[in-house]
Amino acid sequence: MRDSDMNAVARRLATIAIEAGHVLRRMERVQKDATLKKDGTPTTLADLAAEELIIAHLNEAWPGIPVVAEETASQVSPDSFFFLVDPLDGTGDFIHGTGEYSVNIALVQGNRPVAAVVAAPAMRNIWIAGTRAETGAMPGKPDDEIIWHPIATRAAPEQGLIALVSRRHGDNATEKCLSTLSIGTRRTASSALKFCLIASGEADVYVRCGPTMEWDTAAGDHILSCAGGKVIGAGGTHLTYGHRDRDYRNGPFAALGDPALAPRLALPVTC
Ligand SMILES: Nc1ncnc2c1ncn2[C@@H]1O[C@H](COP(=O)(O)O)[C@@H](OP(=O)(O)O)[C@H]1O
Ligand SMILES: [Mg+2]
């Protein structure tokens, strides 16, 4: 695949995420019974239904590219290209009805994402990136045309940064890290929406020192990076993907709208 194709790939990923989003919306009122996985996070029949649909569509569109998806990750190995899929990021929010859940799909080449979609079906928003980052309103029907608008991050203000924090998962290391920045406002948000809000210039920083998985971050990382931001791990380097050896766990990271904030942060090396 060529670089120039990635915007087309992102649009195709959007149609798949929208269809999965329609499945999730239909199941919102009826499928809230959760089972807890080994890591203590919940999963529902809706996670499984959306994942099955996404894998089928990805296999049809790009046969031969492995799909590493949250609920079935152990059955697949990454290759030079592979997809990372979270069919329902923010399952807790899906269950509790806040609407702040998302469908995340990223195409990874080597160890970095090259095309991505984050769709928030209940909020009716969608974000994509190939080589450029764009947003649109989620259509009522999967085939309806989307009007895409370019997005960009904002320069960090000297004082009064807007920080996004997880609604459900906080920890002391994250708080310590945030205390080194001049945070003016804290807003809670769930799932990969946090990356997209920063990519759209609505917030400045999201620090996460507690556990997350590669499928939670790859799509948001790429959208934010294409919008002018950066997602860094300890040492200020980009996050990398495809680490089957560590069961696709991320280390601590910070998502920044303005990469100039990076030297002000001291992330711990492990979660
Ligand atoms: N103990 C843990 N181990 C691994 N991942 C965890 C975790 N606690 C939370 N997460 C991740 O955090 C995500 C939710 O993020 P947020 O708190 O920002 O909404 C979950 O997404 P899922 O709902 O897809 O499982 C899950 O992947
Ligand atoms: Mg999930």
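Which strand gives the largest share of the shell around ligand 1? In this predicted model, local features need pLDDT of at least 70 and side-chain atom pairs count only at pLDDT 80 or more, whereas totals for chains, interfaces and linings use all residues. Residues are numbered from 1 along each chain as its sequence is written, and chains are lettered from A and ligands numbered from 1 in the order in which they are written.

The largest share of the shell, three residues, comes from strand S4 (residues 81-89), strands being DSSP runs (E, at least two residues) and helices runs of H or I of at least four, numbered from the N terminus. Ligand 1 is surrounded by 18 residues, the closest being Asp39, Thr91, Ser166, Ser190 and Pro211, where a residue is near if its C-beta atom, placed from the backbone, lies within 6 Å. Because domain 1 (3-150) and domain 2 (161-264) both give residues to this shell, ligand 1 lies between them; the domain bounds come from an automatic or database domain assignment.

The C-alpha centres of domain 1 and domain 2 lie 19 Å apart. Their contact takes 34 residues from domain 1 and 28 residues from domain 2, with residues in contact if their C-beta atoms, placed from the backbone, lie within 7 Å. On the side of domain 1 that touches domain 2, strand S6 (112-120) gives the most, with six residues.

Elsewhere, the axes of helix H1 (residues 6-27) and helix H2 (residues 45-61) come within 9 Å and cross at roughly 155 degrees, the axes being lines fitted to C-alpha atoms over the stretch in contact and the angles running from 0 to 180 degrees between N-to-C directions.

Methods:
Two residues are in contact if their C-beta atoms, placed from the backbone, lie within 7 Å.
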